[in-house]
Amino acid sequence: MFTNIFLNGTVGVGKSTTADEIAVILAEAGVPHAVIDLDGLRRSWPCEEHDPFDHEIEMQNLSAVASNYRAAGADVIVLAGVLEDRDEIPRYRAACGGGPMAVCRITADEGVGEARLRGRHGTSDDELKWHLARFKELSSIIDEAGAFDAVFDSTDRNVRDVAVDVIKHSNPGLLERIDAPED
């Protein structure tokens, strides 16, 4: 059975870093998987006026890309992105080809998030200002929507520990594959 993991959170909390570490752990365990950064699936210009974050393009692209990964043998699909509406979870699950979907919120203290964003966007004042404001805005939106079923704080934790905890929450059976002795 397929497993889907959606790493949800505001900018700068470590979603992509956690997704990359999950990929390392799954590869070490021989678990076929794919990581999809949802920002990349919706990065286009211009956006439709009614869809300023290109959500519909993201969903169309996710369906196509996830289908290709499933056809290539991926048992686990890890998504890194922002989920602002709990009612969208069934659409993401369907776009990934079905199966259960654990929505794991990754968080970080505001100061840590700000430091990460400054490291990433330090050369562009306007871009940095936008992302710093979006950090707070998205945090409130995600909290209000309750668009997650578990929370993992990345503030003071090793990324591998966060990734292992996400895997444990998402599909304990994967841990059996990970912890199983090799023949």
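Author: S2 and strand S3 (residues 76-81) pair in the parallel sense over five bridges. Two strands count as paired if DSSP finds at least two bridges between them. Within this pairing, Ile36 stands opposite Leu79 in S3. Strands (E, at least two residues) and helices (H or I, at least four) are DSSP runs, numbered from the N terminus.

This is a predicted model, where local features need pLDDT of at least 70, side-chain atom pairs count only at pLDDT 80 or more, and totals for chains, interfaces and linings use all residues. Residues are numbered from 1 along each chain as its sequence is written, and side-chain values use heavy atoms, without hydrogens and water.

Now the whole sheet. It is open, has five strands and runs in the order S2-S3-S1-S4-S5, with parallel pairing. Strand S2 (33-37) and strand S5 (150-153) stand at the edges; each has a single partner strand, so one side of each is left without a neighbour in the sheet. From one strand to the next, the twist averages 20°.

Helix H3 (residues 55-71) packs on the sheet. H3 touches strand S1 (3-8), S2 and S3. Contact here means heavy atoms within 4.5 Å. The direction of H3 makes about 165° with that of S2. Such angles run from 0 to 180 degrees between N-to-C directions; axes are lines fitted to C-alpha atoms, for helices over the stretch in contact.
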